[in-house]
Amino acid sequence: MVRDRQGQVFVYEDACPHKRVRLSQFGRRQGNTLVCGYHGWKFETNSGKCTEIPGMPALHTKFCLRSYPVKRYGGWVWAFPGDPELADQRPLPVIPPAHDRRYHPIPMEGAVNCHFSYMTENATDLFHADLHRSQQPWANPRLESLESDDRTVVARYEVDAPRLLAALIGQRGKNYIRITYEYPYFHLQSEDGAFYLFVTYVPTGAQSIWVHSTFYFRHVWGMPWILRLLHPLLDWGTFRQVFHQDIRAVEEEQRAYNLSGCDRSRETNPVSHAVRNVILHQCASGS
């Protein structure tokens with residue numbers, strides 16, 4: 001991804017056509033020009049066209065970076081890496097609070113060393129509250145309902161919202177959380193609209209992913225300054241600690257799989273089984 005001086009965003013294949021080195025590692029922007037730092041090939045940021053090949057002035061017109069259709073929505077940049085003519089057939093996920101001023105967004109991302117299915121199961125299974133007992137965003141989960149098909153899993157949990165979360169949503173005791181795994185996107189929301197979490201897991205290798213997420217909190221008592229003031233506490237003091245606890249657990253799951261060379265887990269949550277079925281079906285169908 002590259003921005004020009006006007007702030008427009010363009011997404012290209014992360015490879016210089018010359019030696020296929022990653023432009024994310026070797027590229028640099030000079031004004032509205034993207035320069036490969038290996039041999040100095042230059043490309044227009046807004047078209048990907050090669051404008052200069054040092055020492056070979058007659059050849060630059062033969063080369064161009066491969067571009068991808070781009071949309072901006074919900075504070076995210078979305079690129080479609082397939083056939084550009086099919087881009088409009090893949091609608092973006094709906095994130096209701098993305099442009100709702102009643103919500104305060106807290107973005108978070110990071111690398112995880114495991115297959116994306118482990119992180120997906122972790123997110124959809126709320127029975128691991130004990131893992132987060134120091135921060136504990138929820139407690140005493142109970143699965144209320146489960147629906148699934150070839151692409152989607154929808155689960156409803158009843159939970160207790162202790163400590164900080166209960167204070168923010170203004171409702172102590174029992175709360176209901178709806179989880180939707182809409183392959184390949186994950187949504188978690190409180191049924192009363194107090195908070196909403198959107199996550200996508202982007203595979204970067206066979207056993208590595210990059211997690212992109214945004215947590216939306218509805219303004220407490222309609223006062224935006226409260227969450228702006230609490231943002232560092234929620235971000236670094238709570239959510240990132242919970243995230244790193246999840247990372248430690250799922251990477252341990254991956255280690256156990258690698259150690260035995262097969263899945264020897266004994267899963268009891270039907271939500272996890274439904275998620276596995278969706279992943280297997282979508283991977284088999286090539287979606």
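Is arginine 20 buried, exposed or partly exposed? Arginine 20 is partly exposed, because its relative accessible area is 48% and the class runs between buried (under 20% relative accessible area) and exposed (over 50%), with a 1.4 Å probe and protein chains only. The residue is placed in the loop between β2 (9-12) and α1 (23-26).

**Basis and confidence**

This is a predicted model, in which local features need pLDDT of at least 70 and side-chain atom pairs count only at pLDDT 80 or more, while totals for chains, interfaces and linings use all residues. Residues are numbered from 1 along each chain as its sequence is written, and side-chain values use heavy atoms, with hydrogens and water left out. The mean pLDDT (the predictor's confidence in each residue, from 0 to 100) of the chain is 90, and 95% of the residues reach 70 or more. Confidence is lowest in helix α3 (residues 163-169), at a mean of 55, and highest in strand β6 (residues 50-52), at 97. Where pLDDT is low, the predicted coordinates should not be read in detail.

**Overall architecture**

The chain contains five helices and 16 strands; these are DSSP runs numbered from the N terminus, helices being H or I of at least four residues and strands E of at least two. The C-alpha trace spans about 70 × 50 × 35 Å along its principal axes. Of the 287 residues in the chain, 43% are buried. Among contacts (heavy atoms within 4.5 Å) with a separation of 6 or more, 53% join residues 24 or more positions apart.

A nonpolar core is a set of buried Ala, Val, Leu, Ile, Met, Phe, Trp, Tyr and Cys residues joined through side-chain atoms within 4.5 Å. The largest has 43 residues, and Val112 and Tyr201 have the most contacts inside it. Helix α4 (residues 224-260) gives the most to this core, with seven residues. A second, separate core of 13 residues includes Leu23, Leu34, Phe43 and Cys50.

Tyrosine 201 touches, among others, Phe116, Met119, Thr120 and Ala123, leaving aside residues up to four places away in sequence. Nine of the nine residues of helix α2 (residues 116-124) are buried, so the helix is largely enclosed by the rest of the structure.

In α4, a kink of about 50° lies at leucine 230, shortly before proline 232; the bend is the angle between axes fitted to the seven residues ending there and the seven starting there. Glycine 261, with a positive phi near 80°, follows α4.

**Backbone and cysteines**

The peptide bond from tyrosine 183 to proline 184 is cis, with omega near 5°. Proline 184 is in the loop between β13 (174-182) and β14 (185-190). Asparagine 140, in strand β11 (residues 139-148), has a positive phi of about 50° although it is not a glycine.

A search of the whole structure finds zero disulfides (pairs of cysteine sulfur atoms within 2.5 Å).

| Cysteine | Relative accessibility | Nearest cysteine sulfur |
|---|---|---|
| Cysteine 262 | 36%, partly exposed | cysteine 114, 18 Å |
| Cysteine 283 | 47%, partly exposed | cysteine 114, 14 Å |

Cysteine 283 is found in helix α5 (residues 270-285).
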